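Subject: Handover of a structure for your review

Dear colleague,

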Amino acid sequence: IAGKDGLGFSFCVEVPHNKVKANKTEHKTKVFFDDCLEIFLQPENSSVYYGIELNAKGTCLDYRVFIHKNDDKTLPAELENSKPFDNGEKIFGYLTDVVAGKTLTFDYDWKYSGETTSEVKDEFWYFDVFIPWADFGLKDAPKGNTVWRGTINRIDSSVPRGTSQGFLCLLDEPEVISFHQPEKFAAFTFCK
């Protein structure tokens, strides 16, 4: 739901017997090793998309991703003074990686200022997130007929990593087991 102040999402995921793995309890940690729900959003005409990943306890990993053109690995100017990512428990700094032949730079110092709720009840996982337009660098809501791209992802930690069965998303026929394929994000249009 797009409103005057931001963008809101509500999800409901079935979790039989209320079994979800949610070990991470601290912000900016590797929630993708838990059962995880993710939202990736790319504003119209932007070479950046934003990721918000949450486990069932509401622990969040938020970041933005710069999509390089022609696989240029030059660090985006906004990150020139940032520290490189180190593989500790907390995630911060930046990391440049190639996914499905596309060079991406992840900025883990970006933080969203929105609100999230997460609750597992009656064999369902309910998840809500609100993201202010300002987090996308916007002063106002997008105008009607504006097209953004994105995907909604689910990681089921009960399935062994490295297999596609534990990864569910809106991506169009992913060839690589990774949600980070912006050229395959679904398009959605803001109503007037």
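Predicted model: local features only at pLDDT ≥ 70, side-chain atom pairs only at ≥ 80, totals over all residues.

How many bridges pair β4 and strand β6 (residues 102–107), and is the sense parallel or antiparallel? The two strands pair in the antiparallel sense over four bridges, where pairing requires that DSSP find at least two bridges between two strands. Residues are numbered from 1 along each chain as its sequence is written, and side-chain values use heavy atoms, with hydrogens and water left out.

Overall composition

The chain has 11 strands and zero helices; both are DSSP runs numbered from the N terminus, helices being H or I of at least four residues and strands E of at least two. Of its 192 residues, 43% are buried. Here buried means under 20% relative accessible area, exposed over 50%, and partly exposed in between, with a 1.4 Å probe and protein chains only. The accessible surface of the chain comes to about 10400 Å², and carbon and sulfur atoms hold 50% of that area; the areas come from the Shrake-Rupley method with a 1.4 Å probe, and for residues only the protein chains shown count as cover. Among contacts between residues at least 6 apart in sequence, 61% join residues at least 24 apart, a contact being heavy atoms within 4.5 Å.

β4 (60–67) is mostly covered, with eight of its eight residues buried. Burial applies to both faces: C60, D62, R64 and F66 lie on one side, and L61, Y63, V65 and I67 on the other. In the pairing with β6, F66 has T105 as its bridge partner. β3 also runs antiparallel to β4, and seven bridges join the two; within this pair, G51 is bridged to Y63. The hairpin of β3 and β4 has four residues between the strands, and G58 there takes a positive phi near 85 degrees.

Nine bridges connect β1 and β8, and E14 has F124 in β8 as its bridge partner. β7 and β8 are joined by seven bridges, with E115 opposite F130 in β8. Two residues separate the strands in the hairpin of β7 and β8, where D122 takes a positive phi near 55 degrees.

Nonpolar cores

The largest nonpolar core has 28 residues, of which F9, L41, F127, V129 and I131 touch the most other members. Such a core is a set of buried Ala, Val, Leu, Ile, Met, Phe, Trp, Tyr and Cys residues joined through side-chain atoms within 4.5 Å. Another core lies apart from it and has 16 residues, including Y63, V65, I91 and F185.

Leaving aside neighbours within four places in sequence, the contacts of L41 include L7, F9, I131, F136, W148 and R149. R149 itself is placed in strand β9 (residues 147–155) and is partly exposed, with a relative accessible area of 29%. Not counting residues up to four places away in sequence, R149 touches F40, L41 and Q42, and also P182 and K184, among others. R149 and K184 are 35 residues apart in sequence, and their C-alpha atoms are 8.9 Å apart.

Cysteines

With a disulfide taken as a pair of cysteine sulfur atoms within 2.5 Å, the count is zero. For C60, the closest cysteine sulfur is that of C36 at 9.0 Å, too far for a bond. C60 is buried, with a relative accessible area of 5%, whereas C191 is exposed at 69%.

Yours sincerely
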